[in-house]
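Please read each point with the model open.

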Amino acid sequence: MGSGIAQVAATAGFPTLVRDVGDAVLAKGRSAISRSLDKLAEKGKLDGATRDGALTRLSFTTDLGALRSCDLVIEAVVEDLELKNALWRELDVLCPPATIFASNTSSLTIGEMASATARPDRFVGLHFFNPVPLMPLVEVIRGVTTSPETFDVAMKFARRLGKEPVVSRDRSGFIVNLLLVPYLLDAVRALERGAGSIADIDRGMQLGCGHPMGPFTLLDFVGLDTTARIAEIMFQEYREPRYAPPPLLRRMVTAGMHGRKTGRGFYDYATDPPTPLDPGL
Ligand code: 3HC
């Protein structure tokens, strides 16, 4: 998601610095941005000058210290509170006091991260949706300590990106994942119970409810590992069975079937179109 966020920021005219842990991941991000911008330009959704401008506004680094020049830092690391807070603590020392911190977390709360820093008033949530360049929504999350000024900057920033912000309370899953995650988990439970095949459940939700993707295609798209992690965090927060990751999902994650990114999930992506996999029920 980091590359998508960087892409929309640079496209909107912001000089954008992308920091990641290694050169290989940075190169992967850079080529994903370039491919996405080319695709949007090919389809006439972006003119050539805007695409070229976005590319010139982007720079890439592995040096965390380089972020000290930024007015706004948006974090998009995996959903692991310890990892995120270790990063925030480092950034809190490196960045000037005025720098605003924003997390793209999908399931942790803003309060849990803001309190790890000495700037809980300048900490806010900016939750984007995949694929970031195409999805119009950003959830803006006001933590209990977020100042009105910080919240205002976050709302304006989301609009400057051409996104539509919705305001969410600081509760795990915010608005969209609070509803989407139980739906995705229910689809896995429906499969476990033999309600229908992967392909038929997907087709059912696409054709019967007008969803652009069926739940298994969406699970593969978001990542089974990511979904299981989000579900686990939401289950910890609410202790409601609807958020508990079903056994099949856990088994597939353990087996390395993480969806599109590993080439296999509920579908096998070695074929075109992808073939539904028998998850061994
Ligand atoms: N940049 C540029 N182009 C992209 C792209 C990207 N990042 N990703 C996909 N595209 C392109 C495709 O390559 C395709 O190009 P083509 O027409 O030349 O083949 C084009 O966009 C359109 O794709 P499709 O024709 O396959 O499908 P649609 O036009 O219907 O739209 C979609 C694609 C917008 C992804 C649509 O399927 C969709 O809305 N899917 C649901 C996505 C969703 O629910 N996202 C939220 C996930 S939850 C989340 O992110 C929260 C987190 O916390 C988990």
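1. Phe216 is buried, since its relative accessibility is 0%; buried denotes under 20% relative accessible area, exposed over 50%, and partly exposed the range in between, with a 1.4 Å probe and protein chains only. Phe266 is likewise buried, at 1%. The model is a predicted one, in which local features need pLDDT of at least 70 and side-chain atom pairs pLDDT 80 or more, whereas totals for chains, interfaces and linings use all residues. Residues are numbered from 1 along each chain as its sequence is written, and side-chain values use heavy atoms, without hydrogens and water.

2. The structure contains seven aromatic pairs. A pair requires ring centres of Phe, Tyr or Trp (its six-membered ring) within 6.5 Å; planes under 30 degrees apart are stacked, over 60 edge-to-face, and the rest tilted. Phe216 and Phe266 form a tilted pair, with 4.7 Å between centres and 50° between planes. This pair links distant parts of the chain, 50 residues apart: Phe216 belongs to helix α9 (residues 215-222), and Phe266 to the loop between α11 (247-254) and β8 (267-268). Helices (H or I, at least four residues) and strands (E, at least two) are DSSP runs numbered from the N terminus.

3. Tyr238 and Tyr243 are also a tilted pair, at 5.3 Å centre to centre and 35° between the planes, and both are buried. Elsewhere, ring pairs join Trp88, Phe101 and Phe123 into a cluster.

4. Two arginines lie over ring faces: Arg119 over Phe101, 4.2 Å from the ring centre, and Arg142 over Phe151, at 3.9 Å. The criterion is NZ of Lys or CZ of Arg within 6 Å of the ring centre and within 35 degrees of the ring normal.

5. Leu185, Val188, Leu191 and Glu192 in α7 meet Pro247, Leu248 and Leu249 in α11, contact being heavy atoms within 4.5 Å.

6. Two cis peptide bonds deserve attention. One joins Asn130 and Pro131, with omega about -10°; Pro131 is in the loop between β5 (123-128) and β6 (137-142). The other runs from Asp272 to Pro273, with omega near 0°, and Pro273 is in the loop between β8 and β9 (275-276).

7. Which phi values are positive in a residue other than glycine? Phe174 has phi near 50° and Arg239 near 55°. Phe174, in the loop between β7 (164-169) and α7, is buried at 4% relative accessibility. Arg239, in the loop between α10 (224-238) and α11, is exposed at 56%.
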